[in-house]
Amino acid sequence: MMIATWNVNSLKVRLPHVLAWLAHMQPDVLCLQETKLEDAKFPLAELNAAGYQCAFSGQKTYNGVAILSKQPLQEISHGIPGFEDAQKRVLAATVNGVRIVNVYVPNGQSVDSDKYQYKLAWFKALTHWLEMELKTYPKLILLGDYNVAPEDRDVHDPKAWEGQVLCSEPERAAFQALIQLGFQDSFRLFEQPEKMFSWWDYRMQAFRRNLGLRIDHILVSAALAPACKAVHIDKEARKAERPSDHAPAMLELETT
DNA sequence: ATGGCTTCATAGTGAAGA
């Protein structure tokens with residue numbers, strides 16, 4: 001079973017990329033972030049025709065998440081219970097007995113911004129919720145755009161990024177608080193190439209120069225960790241015409 | 001260099017992303 005995540009930075013612009021990627025990779029599940037589409041404008045017919053069922057929670061201009069699955073999506077839930085938020089950033093569903101939680105973590109903008117405080121509060125609410133969710137769903141995958149580079153090796157220039165948003169200690173602590181619930185960063189369960197990132201700025205020819213960060217992650221619960229067979233970031237997708245600034249990350253899971 | 005690109009909502013530019 002292959003489960004993937006991809007911040008597409010507008011599903012309207014990126015629908016051809018997504019359809020091509022689905023046809024090529026044939027993932028069982030693909031979680032999308034930053035669809036930037038109201039639900040009425042979600043390209044359901046095209047994705048159904050490609051063989052995928054869809055759950056989606058979107059809004060105009062910003063945010064928006066979706067889960068695409070070859071197998072039926074069950075127990076679909078929106079948002080973080082008890083955390084009032086107009087921003088559509090969380091969508092969960094059960095597929096083949098595995099709980100999938102798709103997240104688009106707030107960016108934070110800068111460490112002195114109100115949005116940074118919102119980001120930390122959001123992380124806290126997410127962590128509290130997942131602590132309970134894990135009891136209900138021991139087999140849980142938490143994946144998406146975390147907007148956090150967990151360690152210096154996830155940053156092309158740790159000195160330049162030290163203390164900056166996406167790399168600051170409170171953000172890294174928030175990421176570790178999730179890990180402390182019993183999750184593993186599946187990417188690090190396997191040997192990986194040096195300087196492998198999942199996002200590169202559109203500016204400064206950052207992708208060509210590999211000036212990136214690894215901020216898109218697939219966390220797996222303890223019960224699922226032994227079933228992980230491989231994790232890969234598909235840099236090829238970043239080379240397309242009019243690409244998203246993020247590359248997809250994918251997990252191969254052994255299912256019985 | 002507080003920029004650089006890209007998208008969206010707009011019909012000028014400005015916000016936001018990361």
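These legends describe close-up views of a predicted model. Residues are numbered from 1 along each chain as its sequence is written, and chains are lettered from A and ligands numbered from 1 in the order in which they are written. Because the model is predicted, local features need pLDDT of at least 70 and side-chain atom pairs count only at pLDDT 80 or more, while totals for chains, interfaces and linings use all residues.

**View 1. Chain A as a whole.**
Chain A has five helices and 14 strands. Helices (H or I, at least four residues) and strands (E, at least two) are DSSP runs, numbered from the N terminus. The C-alpha trace spans about 45 × 45 × 40 Å along its principal axes. Of the 256 residues, 42% count as buried. A residue is buried if 20 or more other C-beta atoms lie within 10 Å of its own, exposed if 12 or fewer, and partly exposed in between, with C-beta atoms placed from the backbone. Among contacts between residues at least 6 apart in sequence, 67% join residues at least 24 apart. Two residues are in contact if their C-beta atoms, placed from the backbone, lie within 7 Å.

Two strands pair if DSSP finds at least two bridges between them. Strand 6 (residues 90-95) and strand 7 (residues 98-104) pair in the antiparallel sense over six bridges. Here V95 stands opposite V98 of strand 7.

**View 2. Strand 1 and its two partners.**
Strands of a sheet pair through backbone hydrogen bonds, either parallel or antiparallel. Strand 1 (residues 2-7) is mostly covered, with five of its six residues buried. Strand 1 runs antiparallel to strand 14, over four bridges. Its pairing with strand 2 is parallel, over five bridges. I3 takes part in both: its bridge partner in strand 14 is L251, and in strand 2 I3 stands opposite V29.

**View 3. The largest nonpolar core.**
This core has 70 residues, of which V29, I67, I100, I141, L142 and I218 touch the most other members. A nonpolar core is a set of buried Ala, Val, Leu, Ile, Met, Phe, Trp, Tyr and Cys residues joined through C-beta atoms within 7 Å. Leaving aside neighbours within four places in sequence, I141 contacts I3, V98, I100, V101, I218, V220 and L224.

**View 4. The surface around DNA strand B.**
DNA strand B is surrounded by 22 residues, and the closest are S10, K60, T61, N107 and R203. A residue is near a molecule or strand if its C-beta atom, placed from the backbone, lies within 6 Å of it. By class, this surface has seven nonpolar, seven polar and eight charged residues. Ala, Val, Leu, Ile, Met, Phe, Trp, Tyr, Cys and Pro count as nonpolar, Asp, Glu, Lys and Arg as charged, and the others, Gly among them, as polar.

**View 5. Two loop residues with positive phi.**
Most residues other than glycine have a negative phi. T61 has a phi near 75 degrees. T61 sits in the loop between strand 3 (53-57) and strand 4 (65-69). With 9 other C-beta atoms within 10 Å, T61 is exposed. Q26 has a phi near 50 degrees. Its loop joins helix 1 (11-25) and strand 2 (29-33). Q26 is exposed, with 10 other C-beta atoms within 10 Å.

**View 6. Residue E252 in strand 14.**
Strand 14 (residues 249-253) holds E252. E252 is partly exposed because 18 other C-beta atoms lie within 10 Å. Beyond its neighbours within four places in sequence, E252 contacts M2, K229 and A230.

D112 lies in the loop between strand 7 and helix 3 (114-136). D112 counts as exposed, with 9 C-beta neighbours inside 10 Å. The C-alpha atoms of D112 and Q164, 52 residues apart along the chain, are separated by 9.9 Å. M204 belongs to the loop between strand 10 (199-200) and strand 11 (212-213). M204 is exposed, with 10 other C-beta atoms within 10 Å.
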